[in-house]
Amino acid sequence: MRFTLNGTTVSLDVVGTRRLLDVLREDLHLTGTKEGCGEGECGACSVLIDGEVVDSCLIAVGQVEGREVTTVEGLADGGRLTALQQAFIEYGAAQCGICTPGMLLAAHVLLEGSSRLTADEVREGLAGNLCRCTGYTKIIEAVLSCTT
Amino acid sequence: MHDVTYLRPTSLKDAVQLYRKTPGCRPLAGGTDLMVMLHAGTLRPEPRAILDLWSIPELKGVRRTQGLLEIGAAESYTGIIRAREAQEHVPALVAAARTIGAAQIQNRGTLGGNLANASPAGDTLPVLLAYDAVVVTDRRSIPIDQFFTGYRRTALQPDELIVAVRIPLGRRVLFRKVGTRAAQAISKVVVAVSRSPARVAIGSVAEVTIRARRAESALERHDIEGAIAAVAGDIRPIDDVRSTASYRAAVTQNVLRELLDASARS
């Protein structure tokens, strides 16, 4: 099967029912995508498929045939971080870090949709991403700093 | 687990044929329920093949046809939320879709999945009952009030695929879900109400999503207090990890009162 991963075409010989999460981490060695609950509750494994945020633990890898997948590794342009990633550093929006890749991707989609967001809209947009350190305030401040 | 065959038909015709001829085949749409169970190895009966319906064009879309709104079985909740025709004609369904999970789940969850899974806590199911929706399959149309036959059991034949849901237009339905938080919550109680015709549909209070027939009879007589009292006899709530029977009974009556008040005001 083939799909586009962070802008590059990948060809894989894998069983289609395996979780996208496992193929990303174990076969493609992209360990930025984390496993939290494995049940679609926590958002730690969030990735983008054709620009929409999904939980990669709920995706059969066969379902991304011909589609574009973006993981946290695909956000930065080489060593150049996005404004959102830079804001996470500046605002201290990461504690243990396990939710951070998913938070970044969910927030990235939110900011792509609109550059003008209220705090409530950010909270709703990130409602599917749990921070086990409960560091939501800094995360929301970081995302809001990227709005106009 | 990984010796399960993965089938990815590209048309509805191929999907129907594959489903009929492949033993032990289980349909997959967005995977929000199925993938959890598949990975945990808890799907019963254990599937020998997975039939991926997610990318089939005929199962997508929200369209208006002949006084009905038709929604493809594999259209995502996000697609329903964004569809102008859905916002205009079935706002209660849009409201229900917005309470399901969060963006990640709304981007993958489908009406076909919610129906086939037949969880008593399925958030769209009371709304579909209140609208008198019809479940369209590859071979027939099933009125929604005949669709759920028991705990996680449906009227579907073993080789029958849900294709679409049709909803009659022109009915006003109000919806309220009570969960632990606004997002990512499985319902403790979920209610949808129509005044005319009288429909009271409730989830998470019995082994299936129910029509509260006693409450509906009272509503037909415009007896609102009677409906609120009678609904206690319609529901069969239990204690479980999410709530208790007595909480559910009290909240069902409170929510019904709130929705009937709201519908009287407008």
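## The parallel sheet of chain B

In chain B, three strands form an open sheet of 3 strands in the order β1-β3-β2, with parallel pairing. Because β1 (5-7) and β2 (25-28) of chain B are the edge strands, each with a single partner strand, one side of each has no neighbour in the sheet. From one strand to the next, the twist averages 25°. Strands pair here if DSSP finds at least two bridges between them; helices (H or I, at least four residues) and strands (E, at least two) are DSSP runs, numbered from the N terminus.

This is a predicted model, in which local features need pLDDT of at least 70 and side-chain atom pairs count only at pLDDT 80 or more, while totals for chains, interfaces and linings use all residues. Residues are numbered from 1 along each chain as its sequence is written, and chains are lettered from A and ligands numbered from 1 in the order in which they are written.

The parallel pairing of β1(B) with strand β3 (residues 49-52) of chain B extends over 3 bridges. Within this pairing, Tyr6(B) lies opposite Ile50(B) of β3(B). Helix α1 (residues 12-21) of chain B packs on the sheet and touches β1, β2 and β3 of chain B; the direction of α1(B) makes about 165° with that of β3(B). Contact between two residues requires their C-beta atoms, placed from the backbone, to lie within 7 Å. Axes are lines fitted to C-alpha atoms, for helices over the stretch in contact, and angles run from 0 to 180 degrees between N-to-C directions.

## Antiparallel strands of chain B

Strand β6 (residues 134-137) of chain B runs antiparallel to strand β7 (residues 141-143) of chain B, and 3 bridges join them.

## Helix packing

| Helix pair | Angle | Axis separation |
|---|---|---|
| α9 (residues 213-220) and α10 (residues 224-234) of chain B | about 165° | 7 Å |
| α2 (residues 83-91) and α3 of chain A | roughly 130° | within 10 Å |

The angle makes α9(B) roughly antiparallel to α10(B) (over 145 degrees). Their crossing is right-handed, that is, the near helix is turned clockwise from the far one by less than a right angle. From α9(B), the contact takes in Arg213(B), Arg214(B), Ala215(B), Ala218(B) and Leu219(B); from α10(B), the residues include Gly226(B), Ala227(B) and Ala230(B). By class, this contact has 6 nonpolar, 2 polar and 3 charged residues. Ala, Val, Leu, Ile, Met, Phe, Trp, Tyr, Cys and Pro count as nonpolar, Asp, Glu, Lys and Arg as charged, and the others, Gly among them, as polar.

α2(A) passes α3(A) in a right-handed crossing. Leu84(A), Gln85(A) and Phe88(A) of α2(A) meet Thr100(A), Leu104(A), Ala107(A), His108(A) and Leu111(A) of α3(A). These residues divide into 5 nonpolar, 3 polar and no charged.

## A buried leucine in chain A

Leu105(A) belongs to helix α3 (residues 100-113) of chain A. Leu105(A) counts as buried because there are 28 C-beta neighbours inside 10 Å; the class begins at 20 or more, exposed means 12 or fewer, and partly exposed lies in between, with C-beta atoms placed from the backbone. Leaving aside residues up to four places away in sequence, Leu105(A) touches Ser46(A), Val47(A), Leu48(A), Val53(A) and Val72(A). The C-alpha atoms of Leu105(A) and Thr71(A) are 7.6 Å apart, although 34 residues separate the two in sequence.

## Backbone features in loops of chain B

The peptide bond between Arg44(B) and Pro45(B) is cis, with omega about -10°, and Pro45(B) sits in the loop between α2 (34-40) and β3 of chain B. A cis peptide bond also joins Ser196(B) and Pro197(B), with omega about 0°.

Gln66(B), a residue other than glycine, has a positive phi near 45° and counts as exposed, with 7 C-beta neighbours inside 10 Å.

Terms used. Angles under 35 degrees count as roughly parallel, over 145 as roughly antiparallel, 65 to 115 as roughly perpendicular and the rest as oblique.
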